[in-house]
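Hello,

Here is the structure I promised to pass on. Please open it alongside this message. My notes follow below it.

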Amino acid sequence: MAGVYIHVPFCKQACHYCDFHFSTQMKKKGAMVDALVREMELRKNELGDEVVETIYFGGGTPSVLELHELERLIQAVYDHYKVMDNPEITLEANPDDLVSSRAQSRDIFKDFRKIGVNRLSIGIQSFFEEDLKLMNRAHNAQESEHCIEEAVKHFDNITIDLIYGIPGMDHDRWKANIQKALDFGLPHISSYALTVEPKTALEKLIQKGTVPQVDDDQAQEQFHILVELLEEQGFVNYEISNFGKPGYFSQNNTAYWQGKTYLGIGPSAHSYDGLSRAWNIRNNSIYIKQIQQGVLPSEKETLTVTDRYNEYVMTGLRTIWGVSKDKIAKEFGQDYANYLEHQSEKFIDRQLLFWEDAILRTTQQGKFLADGIAADLFFLE
Ligand SMILES: C[S@@+](CC[C@H](N)C(=O)[O-])C[C@H]1O[C@@H](n2cnc3c(N)ncnc32)[C@H](O)[C@@H]1O
Ligand code: SF4
């Protein structure tokens, strides 16, 4: 069982906070699609007999691609790998691409369905103009709502992204954002705390004093508001940033958190085969050039047992599946299980972690702190 992730490294406009890999120069879009198809061909033996269950277009902004380009990429997955019947095919889309006149003229939602896309992930971020402006999003508040109104006519499996902890967004505006999302009756929401990444425009604006500092306490409180409001409505917070109604958890992300194999195609994409990780170069021109020459522009690292233990603890604590002591003993050795038990004691005393049937999980209070707690449980060689 495996997933294929395809990175589409183009955006119309750079959001102030984002350090994902993308270019706002669209000139190489055609050559990039050729290269993505060629990379799949070059790596056609990597999945062996594993069956692809999920195909995920991430970015960047996959919705900037033309329909025939997306169709070609999906076809390439079918050409080079074994794909199950009716796989989950997710497309990340930005609101402005979904409601532009170009989108309407081509009946974009029907087109997506026609080529097999069955899950849409829409980058709303906020329903309020002030927040969208501060983040330099390419869409406005009206488009945030309008694209969902249109999307629900064609898709039931829709998720939206929302960002909290935005400077100037008080708790009332955050609650109003969540309420608007709930009013659409969507089955899934992903929500992230705004992080100030090094060298982004946001970091510079904060340094200059143009934008206020991000307040960690505000973010933590807004996370708890989010959990409370969504759980009340039947959402399961199955991973720190992900909330789904039963039956609507992202199969792609779930596979990733459960340590299944995935193949990452495109510049900056990561791959995992159970024993090693590989990552492609974060540069469009070099990526295209090397692929054209039949060379894979990637680096690979074989994971040690300690790396695998550390990764399992990190992802396990972020999810409802938690960290299994028995699995650790079986897969990594009893020493690791003993270490986990000993290291976790202080967090159990502080009611940030708890054991249930030999599974270690975060409490409601510990959830937002999961990454920091996990770092303390890491085994250092
Ligand atoms: C990299 S984007 C790709 C999808 C699409 N381009 C979009 O903007 O929605 C995926 C998500 O990551 C989140 N994200 C990226 N950088 C972030 C940051 N610095 N802080 C919080 N969330 C971030 C945003 O919510 C965004 O929707
Ligand atoms: S958040 Fe999305 S649209 Fe904005 S720059 Fe990042 S990838 Fe592009």
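**Two packed helices**

Helices α1 and α2 pack at an angle of about 10°, and their axes are 9 Å apart. Angles under 35 degrees count as roughly parallel, so α1 and α2 are roughly parallel to each other. From α1, the contact is made by Lys29, Gly30, Val33, Asp34, Leu36, Val37, Met40 and Glu41. From α2, it is made by Glu69, Arg72, Leu73, Ala76, Val77 and His80. By type, the residues of this contact of α1 with α2 are seven nonpolar, two polar and five charged. Please keep in mind that this is a predicted model.

**More on α2**

Helix α2 covers residues 67–80, which is 14 residues. From first C-alpha to last, α2 reaches 20 Å, close to the 20 Å expected at 1.5 Å a residue. Which residues of α2 are buried? They are Leu67, Glu69, Leu70, Leu73, Ile74, Ala76, Val77 and His80. Several elements cover them, including β1 (2–8), α1 (29–42), β2 (51–59), β3 (82–93) and α5 (108–114).

Lys28 sits in the loop between β1 and α1. Its relative accessible area is 36%, so Lys28 is partly exposed. Leaving aside neighbours within four places in sequence, Lys28 is in contact with Phe10, Ser285 and Ile288. Take Phe10: Lys28 and Phe10 are 18 residues apart in sequence. In space, the two are 9.3 Å apart, C-alpha to C-alpha.

**Backbone points to look at**

Gly59 and Gly60 are joined by a cis peptide bond, with omega about 20°. Gly60 belongs to the loop between β2 and α2.

Gln351 is not a glycine, yet its phi is positive, about 55°. Its place is the loop between α15 (334–349) and β14 (353–356). Gln351 has a relative accessible area of 58%, so it is exposed.

Asp357 also has a positive phi, near 50°, and is a residue other than glycine. Asp357 lies in the loop between β14 and β15 (359–362). Its relative accessibility is 72%, so Asp357 counts as exposed.

**Cysteines**

How many disulfides are there? The count comes to zero. Two cysteines for you to find: Cys15 and Cys18. Buried means under 20% relative accessible area. Cys15 is at 15%, so it counts as buried. Cys18 has a relative accessible area of 22%, so it is partly exposed.

Best wishes

Technical notes. Residues numbered from 1 in each chain as written. Chains lettered and ligands numbered in written order. Predicted model: local features only at pLDDT ≥ 70, side-chain atom pairs only at ≥ 80, totals over all residues. Heavy atoms only, no water. Helix = DSSP H or I, 4+ residues; strand = E, 2+ residues; numbered from the N terminus. Expected span 1.5 Å × (residues − 1). Buried < 20%, exposed > 50% of the residue type's maximum accessible area, 1.4 Å probe, protein only. Contact = heavy atoms within 4.5 Å. Disulfide = S-S within 2.5 Å. Axes fitted to C-alpha atoms, helices over the stretch in contact; angles between N-to-C directions. Parallel < 35°, antiparallel > 145°, perpendicular 65-115°, else oblique. Nonpolar A, V, L, I, M, F, W, Y, C, P; charged D, E, K, R; others polar.
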